[in-house]
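Good morning, and thank you for coming.

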Amino acid sequence: MVLSAFLSSVVAGIGWGLASWGRRPMGNLCRWVYRGHVFFMSLAALRLLLLLINHRFEYAYVYYHTSTSLPPLYLVSSFWAGHEGSILLWGLIGAWVGLVFSRTARPLEMFFYNLTQLGLITLLLLNNPFALLEAAPTEGLGLNPLLQDPWMAIHPPIIFLGYVGLAIPFALSLAALLERKEGEWAQKTLPWTLFGWLCLGSGIIIGALWAYEVLGWGGYWSWDPVENAALVPWLMTTALLHGQSQKPGITRTNFVLAIATYLMVLLGTFVTRSGLFADFSVHSFADLGLGGLLLTKIVLFGVLALAVLGSRWQTLRGQKASFSSAATIAVLLGAAFIVALGTATPLITAALGRPASLEASFYNKGTFPLALLGGLLIASFPWLERRHSLFIPGILVLAAATPMAALTRQPLQALFIGVFLVALLTNAVAWVVSRWRSSYLLHGGMAMILLGIIVSANFSTTERVVLGTGEIGQALGREIRYLGATLSGLELELTGQGGSFKAFPRIVSQGGEMVRKPHINRGLLNDVYITPLGLQYDWGPGLRVGKGETVVHGGYEVTFHGFDLKGHQGGRVATQLTIAADGAEHQVVPALTIRPNGREQEIAYVPDLGVALALDEIDPGGEVVLRLFHPDAAPQVLILEVSQRPLISFLWIGSLLAIVGGIMTLLQRKGYSPDQKH
Amino acid sequence: MLGFLIVLSLAVASSSFLSGLTPYVDFAQAKKSSRTVQVLGILLPQTVEDETGLRFFLRDDHGEVMPVVYHGARPFGFDGAERVGAVGIYKDGVFQAQRLLVKCPSKYRGE
């Protein structure tokens with residue numbers, strides 16, 4: 001069955017490795033074996049996809065991550081919702097990218113690349129997505145509501161594209177070292193490094209965008225270990241890119257960086273999946289028993305890489321790095337180190353017996369001087385080839401920062417804003433003057449991102465507002481009025497600041513959990529971010545009714561038929577009711593979920609009659625207490641959090657610009673020639 | 001020049017490290033401490049949310065109970081959570097939470 005598909009892909013992988021692709025001229029045979037590997041991986045992936053789409057709940061993975069009510073897009077994305085499936089996805093992407101790579105790769109390079117694939121398949125063997133349950137349930141648990149979002153659907157595949165992209169420089173490095181072909185290495189590796197950088201960076205930004213739009217707390221980054229596990233390799237890749245871009249090459253540094261970056265990718269995987277951070281991170285998986293295996297894999301790869309590097313260290317020659325390259329790399333690696341240190345702190349302190357975590361302020365404060373220097377370097381990019389390249393940008397920054405500092409009396413903040421404002425401007429001007437050279441677009445985009453980050457972090461304001469239906473309140477210099485609950489959400493009208501708009505934040509029950517969906521009013525200069533915190537109703541008297549009985553209230557007849565057994569999951573009780581008025585009858589199924597610390601009610605709306613029914617209490621004797629009310633008229637109290645976040649748009653616009661700039665650079669730079677200017 | 005900047009950065013990093021360190025303590029220690037700490041406890045019934053914030057009670061492994069108030073949006077998964085973590089300062093009889101940590105409900109094994 002599929003197990004044999006697995007074993008075949010293992011055999012393909014091992015047979016290919018054993019054939020020592022590097023040693024003997026068996027090139028063609030190995031190519032076909034590798035194609036077999038790609039074929040079997042694709043087969044396995046197709047199988048999982050079909051199982052998910054066809055609701056085959058007897059498979060544990062399908063049971064835990066899907067349900068019959070899941071829309072088609074998320075049936076597909078549930079493929080990578082859990083650990084086993086995401087490893088399969090990673091392996092699949094790795095297989096296909098490896099196929100592209102094999103067209104230009106030398107045998108030894110493919111050997112090392114295949115090693116990384118082998119590592120993934122080993123993980124997969126021990127964490128089989130095709131495990132069966134003992135009994136076949138008729139319904140699945142459903143996908144985590146937070147993952148039912150288009151951004152979250154594409155986030156993992158793009159991140160894995162990035163990881164795979166970084167495995168290639170790793171493989172190229174080891175092969176180049178062993179075969180003593182360091183000279184050609186930079187030319188071959190740069191495009192792949194750029195590719196990995198673009199994908200990983202895009203994946204990170206998409207994750208931030210998701211956090212901003214879905215999580216409702218108004219932020220986009222929380223320095224969570226899982227977030228950092230992707231950020232640290234990305235920072236290191238950025239350093240590698242700059243090292244590779246300098247001509248002539250700073251060989252030793254580049255090799256070390258290429259190897260270390262991939263090891264950090266593996267380490268990041270370890271962080272995410274080992275359960276070590278379960279107590280400190282909202283994201284991480286619970287302990288899946290993987291820790292030992294992952295750690296062993298990292299150690300093996302690390303030892304191998306060090307051995308290869310060490311054996312060739314003496315013969316590696318390279319140029320001394322220019323000041324700007326050295327400074328850039330130092331800044332990026334310094335930032336990576338600080339983030340990594342902060343992430344590891346819970347583990348280190350726990351090992352020392354005094355467990356502690358680090359406040360988010362550490363990351364911001366700790367990287368501040370580095371970011372400042374980095375901004376100055378970005379600002380000086382157009383002057384890169386000149387001497388004293390920092391001089392003019394430095395003057396510009398001081399010119400920009402001084403009036404700001406005088407106004408706000410916050411010199412450090414003014415300096416930071418000044419640096420990235422100047423960086424954005426110099427690169428924008430250079431982009432135009434150089435006739436659209438893509439690297440200026442890229443650096444300008446990065447400056448824009450950082451400008452957005454610092455301004456929104458420092459100048460956001462938040463207020464809490466409590467409004468009754470129809471009431472007008474004040475928040476952030478605007479009038480805000482609550483018009484009532486509608487099918488699209490909680491209708492709000494905001495006026496002021498030279499305009500007005502409607503907002504529809506929502507509190508919905510999704511998959512058994514109450515999800516608070518914010519409304520974001522996006523603008524170039526400001527985002528207005530509205531989160532519903534709570535909604536309280538006054539629903540009138542409770543109507544007590546027993547099974548089979550009918551109760552009359554306000555011209556409506558409500559009959560309680562019985563409990564709806566289909567909905568019985570995790571403490572949820574649903575009742576089947578019929579409500580009749582003016583000769584029309586409607587069937588409704590309000591529900592109640594009792595939890596240890598509260599209860600959630602699923603209210604049944606009847607638009608034709610303009611009323612709603614809620615299940616309030618369940619008697620042990622079999623009677624229920626219902627509430628019948630008019631949602632439009634029922635007095636409500638809505639608690640809101642309203643925030644104004646300046647320049648958040650710069651984060652997304654800057655990212656888009658940087659990505660476009662990166663793609664154009666990638667397309668132009670498929671070959672690297674030592675005489676080519678940036 | 002570069003060396004000087006690196007040393008400066010390290011100095012800044014170290015000092016912000018020390019000031020940002022948030023020890024993970026039990027409730028008895030939290031109540032005595034005047035600095036930012038991290039606590040974890042079982043969420044007790046009777047959660048209230050109104051204009052003064054989200055108020056609830058936690059109980060730690062030693063059986064000690066502590067009232068907590070949080071002024072931000074209720075994190076996803078809070079309603080179904082068994083254990084909740086909080087980062088903040090104990091002041092005037094209430095733990096003022098700056099950040100809440102809620103683990104994904106155990107039925108989700110997803111990312």
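This is a predicted model: local features need pLDDT of at least 70, side-chain atom pairs count only at pLDDT 80 or more; totals for chains, interfaces and linings use all residues.

I begin with a definition: two residues are taken to be in contact when they have heavy atoms within 4.5 Å of each other.

Chain A brings 59 residues to the contact, and chain B brings 51 residues. Between chain A and chain B, an area of about 4700 Å² is buried, and carbon and sulfur atoms give 57% of that area.

One helix pair at this interface deserves a description. Two packed helices are described by the angle between their axes and the distance between the axes. Helix H12 of chain A, residues 323-351, packs against helix H1 of chain B, residues 2-20, at an angle of about 15°, and the two axes are 11 Å apart. Because of that angle, H12(A) is roughly parallel to H1(B). From H12(A), the contact draws on Phe323(A), Ala326(A), Ala327(A), Ala330(A), Ile338(A), Leu341(A) and Thr345(A), while H1(B) supplies Leu2(B), Ile6(B), Ala13(B) and Phe17(B). By class, these residues are 10 nonpolar, one polar and no charged. The crossing of H12(A) and H1(B) is right-handed.

I turn now to charged pairs. Side chains of opposite charge can pair when their charged atoms come close. How many salt bridges are counted between chain A and chain B? The count is one salt bridge. Glu359(A) forms a salt bridge with Arg99(B), with the closest N and O atoms 4.0 Å apart. Over all chains, the count comes to 10 salt bridges. Within chain A, the side chains of Lys502(A) and Glu491(A) form a salt bridge, at 2.6 Å from N to O. Lys502(A) lies in strand S6, residues 499-503, and Glu491(A) in strand S5, residues 489-496, so this pair ties together parts that are 11 residues apart in sequence.

Finally, I will describe two helix pairs within chain A. In one pair, the axes of helix H5, residues 83-102, and helix H6, residues 107-126, come within 9 Å and cross at roughly 165°. The angle is why H5(A) counts as roughly antiparallel to H6(A). Their crossing is left-handed. Among the residues that meet here are Trp90(A), Gly94(A) and Phe101(A) in H5(A), and Met110(A), Tyr113(A) and Leu120(A) in H6(A). The contact of H5(A) with H6(A) divides into 11 nonpolar, five polar and two charged residues.

In the other pair, the axes of helix H15, residues 391-408, and helix H16, residues 411-433, come within 8 Å and cross at roughly 140°. H15(A) and H16(A) are therefore oblique to each other. H15(A) passes H16(A) in a right-handed crossing. The contact includes Leu396(A), Ala400(A) and Met404(A) of H15(A), together with Leu415(A), Gly418(A) and Val422(A) of H16(A). The residues of this contact are 13 nonpolar, four polar and no charged.

That concludes my presentation, and I welcome your questions.

Technical notes
Residues are numbered from 1 along each chain as its sequence is written. Chains are lettered from A and ligands numbered from 1 in the order in which they are written. Side-chain values use heavy atoms; hydrogens and water are left out. Axes are lines fitted to C-alpha atoms, for helices over the stretch in contact, and angles run from 0 to 180 degrees between N-to-C directions. Helices (H or I, at least four residues) and strands (E, at least two) are DSSP runs, numbered from the N terminus. Angles under 35 degrees count as roughly parallel, over 145 as roughly antiparallel, 65 to 115 as roughly perpendicular and the rest as oblique. A crossing is left-handed if the near helix is turned anticlockwise from the far one by less than a right angle, and right-handed if clockwise. Ala, Val, Leu, Ile, Met, Phe, Trp, Tyr, Cys and Pro count as nonpolar, Asp, Glu, Lys and Arg as charged, and the others, Gly among them, as polar. Buried area is the accessible area (1.4 Å probe) that two parts lose on being put together, summed over both.
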